Amino acid sequence: MQKIAIVGAGSMAEAFISGILEKELIDRKNVWVTNNANQERLSQVQERYGIQATYDLNALFDGAEIVMLAMKPKDAGTAIDYIGGHLTESMLIVSVLAGVSMDTIEALAEKPLAIARAMPNTSAAVGKSATAIAVNERVTDHQIETARKLFESVGLTSFVEEDQLDAVTGLSGSGPAYIYYLIEAMENSAAEIGLEKQMAKQLIVQTLIGAAEMVKNSAKPPEQLRREVTSPGGTTEAGVRVLEEHGVKQAFVSCIKAATAQSRRLGAALSSKLTVEKR
Ligand SMILES: NC(=O)c1ccc[n+]([C@@H]2O[C@H](COP(=O)([O-])OP(=O)(O)OC[C@H]3O[C@@H](n4cnc5c(N)ncnc54)[C@H](OP(=O)(O)O)[C@@H]3O)[C@@H](O)[C@H]2O)c1
């Protein structure tokens, strides 16, 4: 990669800066970042990673091969309006803005752009994001590879059509929070059955990692793995029966459907708000 200009210096931007430098995808002198006004935070990121930070848009965008949009979705209108004049059709615009469509980004910039729109998740901070990426028709094969490498630096990637990104948001975008919720429940139960908090946390985390590795590495579907550890009359069966009685599996299905529908609603409202504000 030649030069990346990152607009926004928050947690997602930092995850990417850390990921691409760790994977040695780019020289740190070619990583440029800006934010809205928080100079202290900008200097902190600059010093922590030895990258370039600036509020000078010419310095930021001159020669940039990739531009990453990493502000909050609500700030996209102001930000893209401000930088739009510096964006060109030859740049790869990488957006992690939840709910902001590629058409909306082009409308805000008032020009056609090559856009890769992605939905990473918070585990990008530890290099374990599950990210889905959609690209528009202007993105070249070379740019698709660039986008893949960029997101692989913070975890696993898949390519999808843009209209699937709401489902991705409901499943893996919000997914870490569902797993945190499960951990909370397991921690609460550990307290109730008399296990020491720190030790219980270690057991729970390792159980999750181990189960995830089993599912990842085994050819068997999770249902089969579960049945194989559930002996008739045993402890697992007694536990799982309670989950079934409470409809926990169906609750997860409903949870993911509700999150997907909310992503669709919020995205539509946001895109029309940003477009109306632009007029
Ligand atoms: N965090 C996640 O787990 C996650 C997951 C999936 C997708 N995303 C997406 O990632 C994006 C960033 O999220 P985040 O959690 O990193 O947010 P964040 O920590 O709040 O950072 C937002 C950054 O955007 C900057 N900014 C705001 N307005 C700007 C402008 N007009 N020009 C330039 N920079 C501007 C802010 O600068 P100041 O500090 O100066 O205001 C700040 O550096 C969001 O669109 C979100 O949808 C995040």
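Predicted model: local features only at pLDDT ≥ 70, side-chain atom pairs only at ≥ 80, totals over all residues.
Local features need pLDDT of at least 70, side-chain atom pairs count only at pLDDT 80 or more, and totals for chains, interfaces and linings use all residues. Residues are numbered from 1 along each chain as its sequence is written, and side-chain values use heavy atoms, without hydrogens and water.

A pocket is an open set of points on a 1 Å grid over the protein atoms alone, where a 1.4 Å probe fits, with protein on both sides within 12 Å along at least five of seven lines; lining residues have an atom within 4 Å of a point. Volume is the space filled by probe spheres set on the points, which are joined across faces, edges and corners.

| Pocket | Volume |
|---|---|
| Largest pocket | about 3000 Å³ |
| Second largest pocket | about 1200 Å³ |

**Largest pocket.** It has 49 lining residues, and Ile179, Leu182, Leu208, Ala211 and Ala212 are the closest to its centre. Elements are DSSP runs numbered from the N terminus: helices (H or I, at least four residues) and strands (E, at least two). Helix H9 (197-217) is among those that supply at least two lining residues. H9 gives the largest share, 11 residues. The lining holds 30 nonpolar, 11 polar and 8 charged residues. Here Ala, Val, Leu, Ile, Met, Phe, Trp, Tyr, Cys and Pro are nonpolar, Asp, Glu, Lys and Arg charged, and the others, Gly among them, polar.

**Second largest pocket.** Its lining has 45 residues; Ala70, Met71, Lys72, Pro73 and Leu97 lie nearest the centre. Helix H1 (11-22), helix H4 (76-83), strand S6 (114-119), H7 and H12 each give two or more. H12 provides the largest share, 6 residues. The classes are 23 nonpolar, 17 polar and 5 charged.
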